[in-house]
Amino acid sequence: MSDVVIRAENLGKKYRISHQHERQRHVTLRDLLADKLSSPKRWVESQIANGGAPHASKPARNTASKREDFWALKDVSFDVKQGEVLGVIGRNGAGKSTLLKILSRITEPTEGRARIRGRVASLLEVGTGFHPELTGRENIYLNGSILGMSRAEIRKKFDEIVAFAEIDQFLDTPVKRYSSGMYGRLAFSVAAHLEPEILIVDEVLAVGDVAFQRKCMDYMKKLARSGITILMVSHNLFAVKAMCRRVLLLSGGRRQYDGLPAEGIDIYERDSRLEADPWAVGVIGEDIDRWPIVISFMEYLDAEGRPRTVYDYGERMRVRIHYEVRRPIKYPNFYFAIRRSDNVACCSFSAARDGVTTPLLEESGVIELQTPPLRLVSDQYGSWAIVWDREFKNLYCGQIGPNFHVRDEILNSDFGVFHEPAEWNWRAKGAGNQVMLESSVSYGKE
Amino acid sequence: MIEAGRSEKNYWRDLWRYRELFYFLAWRDILVRYKQTVIGIGWALVRPFLTMLVFTFIFGRVAKLPAPGSIPYPLLVFAALLPWQFFSTAMAEASNSLIGNANLISKVYFPRLIVPAGSVITSFVDFLITLGLMAGMMIWYGFLPDWRLLTLPLFVALAFGSSFGAGLWLCALNVRYRDLRHIVPFIVQFGLYVSPVGFSSNIVPEGLRLIYGCNPMVGVIDGFRWALLRGQSPLSVPVLIASMIVTSVLCLSGVWYFRRTEKTFADII
């Protein structure tokens, strides 16, 4: 077939876990000693920092392997025709980024091969190669050449790039003084003007303000219409739905679905729900045998008690924690913490702090918490379920819980970790003295 | 058409296609190096000049080492400092170059060879500036070079090759073994004393000369002195050949090792 521009055949990428192991030891040799001596809380954090939420679904992560092979990608084959817009979706660690890295030749596959016809531009990160000390003008040239443009091309496109990024006043300011929005706009703008035949993008639409995001989307659509083949990875399922005519769903490094976006996204969402079942995605720390209590199961529900893994912004979330007591413990403190996919600690809930504890817990059971309306922005979140003592000194058990999504069409991590409604007061100027016209327009779902 | 499984045969073509990136990376490094500095590019002059003063004082005055012919000691030292500074900064910068550009390596494709090569080129620009200072000093001393000056490019190429070869080895190793970060400054410091920078290689015993020549910088430095200082500083051909062989071995094996490990850079950096 002549119009196939990307043909991937049995792509596979193997990593050795031992690398991570070594690095971890190297980095924390001293920390380890310090941590063992000080509070377990810090120790827990260091454990999680090395293998926590963002990789929460990578298989074989917690097998404590000395030298184990880990297939980030295995037997992935597909064809992409010219002009197709293919969305690659999947949970974190499903192999999406590895796939893009192989296709953009950053890393080599361990097995299989890919044939690519045409000039590839890949944008795995916004502003790769930007140097903070250099000015906007200098960075356009630098970044352009890193992405594979020739000097003549950049010169030709220069004005367009600047106009698209809306930074003409700041062209000769070092980019270290740019706001992150300006930075992102400039970076996207350079990449967008590459005129590739195949564009590979990884989660780069989440740049700048909403207006600029829309502009980027429109630009991508325009590119797609002009016959460019686009491969995009996104957690923003709305963007995927809007842009792509086909999705590739990866799961555990393998192809799970390849076809219509609506169906692929459906499977993906259903799977995220199923994922809740084998609940022990991971444990925090070792010595699970010595834990006096273990969490055997965890459920995410909505306010009506139906299982959920995707919540809308502003919804309340119910978390049901099933636990088994092995040895009686005094004053247990059930603790549920939410981490964003990039491992930002967002918030936590502690039973003991809310006054819910008991002098002695002897029997297995279920504890349930209902959160206040979730003001978290749209993203994927991981969770920890931990049982402390009342003073957060002793860790009875700590496990990494299932992931969930919060969705909102607009609010993303550019808006912060949370987006809270505020009380607004509105005054009109004029009419002599300042009079309050309408006060306290408050909103909220409850 | 790209085959991700074996990119070997396209490599050298890619290198050519990305040739402008050499220029841009070197340009970036030079720009960045002198941003927010007061005397800017002047630092390329101050450093070798001060080193020359110190060496002239220690080796020429205090230790009273002999200078061959009628060469003023400062010129003897400076003619050696030129290639030495080039070699040492190029090697040190190249060895850190991959790690310094880790974000590029893990996010964009281009022939990785460009990175260490770019940092050697950056140091070469400094070298050219220092060469201007050398010219000024020769005029000051009224010690002008003769036809031998025309052979200088050969020795520049030799210095280029040896620093590139050493840099390739070091930067490729540095990706996996960060120990190199501690070893490189030591090599540079140690090398300054085992290379004939502060003194003439005449004072090395005759029998050891050839072994001494296995330090590629010996041939380079002797060559620089010979070419710049009217041949009054002797150049031994066997030593030069030994240096040339060592340099080519260093360079070729450097490229070989770099190419062999290059595929894994993005995964382990």
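Two residues are in contact if their C-beta atoms, placed from the backbone, lie within 7 Å. In chain A, residues 24 or more positions apart make up 73% of the contacts with a separation of 6 or more; in chain B the corresponding share is 82%.

The structure is a predicted model, in which local features need pLDDT of at least 70 and side-chain atom pairs count only at pLDDT 80 or more, while totals for chains, interfaces and linings use all residues. Residues are numbered from 1 along each chain as its sequence is written, and chains are lettered from A and ligands numbered from 1 in the order in which they are written.

**The two chains**

Helices (H or I, at least four residues) and strands (E, at least two) are DSSP runs, numbered from the N terminus. A residue is buried if 20 or more other C-beta atoms lie within 10 Å of its own, exposed if 12 or fewer, and partly exposed in between, with C-beta atoms placed from the backbone.

| Chain | Residues and buried share | Helices and strands |
|---|---|---|
| A | 446 residues, 39% buried | nine helices, 22 strands |

**A sheet in chain A**

Two strands pair if DSSP finds at least two bridges between them. Six strands of chain A form an open sheet in the order S5-S6-S7-S3-S8-S9, with mixed pairing. Its edge strands, S5 (120–123) and S9 (254–259), each pair on one side only. Within the sheet, S3 (residues 85–89) and S7 (residues 229–233) of chain A run parallel and are joined by four bridges. Leu86(A) has Leu231(A) in S7(A) as its bridge partner. Helix H3(A) packs on the sheet, where it touches S3, S5, S6 (198–202), S7 and S8 (246–251) of chain A, and its direction makes about 145 degrees with that of S7(A). For such angles, axes are lines fitted to C-alpha atoms, for helices over the stretch in contact, and angles run from 0 to 180 degrees between N-to-C directions.

**Strand S15 and its partners**

Strand S15 (residues 333–340) of chain A is largely enclosed by the rest of the structure, because six of its eight residues are buried. S15(A) pairs with S19 (residues 379–388) of chain A in the antiparallel sense over eight bridges, and Phe336(A) stands opposite Ala385(A) in S19(A). S15(A) also pairs in the antiparallel sense with S16 (residues 345–350) of chain A, over five bridges; here Tyr335(A) has Ser350(A) as its bridge partner. S15(A) and S16(A) form a hairpin with four residues between them, and Asn343(A) in the turn has a positive phi of about 70 degrees.

**Where the chains meet**

The contact between the chains involves 30 residues of chain A and 23 residues of chain B. On the chain A side, H3 (96–103), S4 (111–116) and H4 (136–146) each supply at least two residues. H4(A) gives the largest share, five residues.

On the chain B side, the buried residues of H2(B) pack against H4 of chain A together with helix H6 (114–141) of chain B. These buried residues of H2(B) include Leu21(B), Phe24(B) and Leu25(B).
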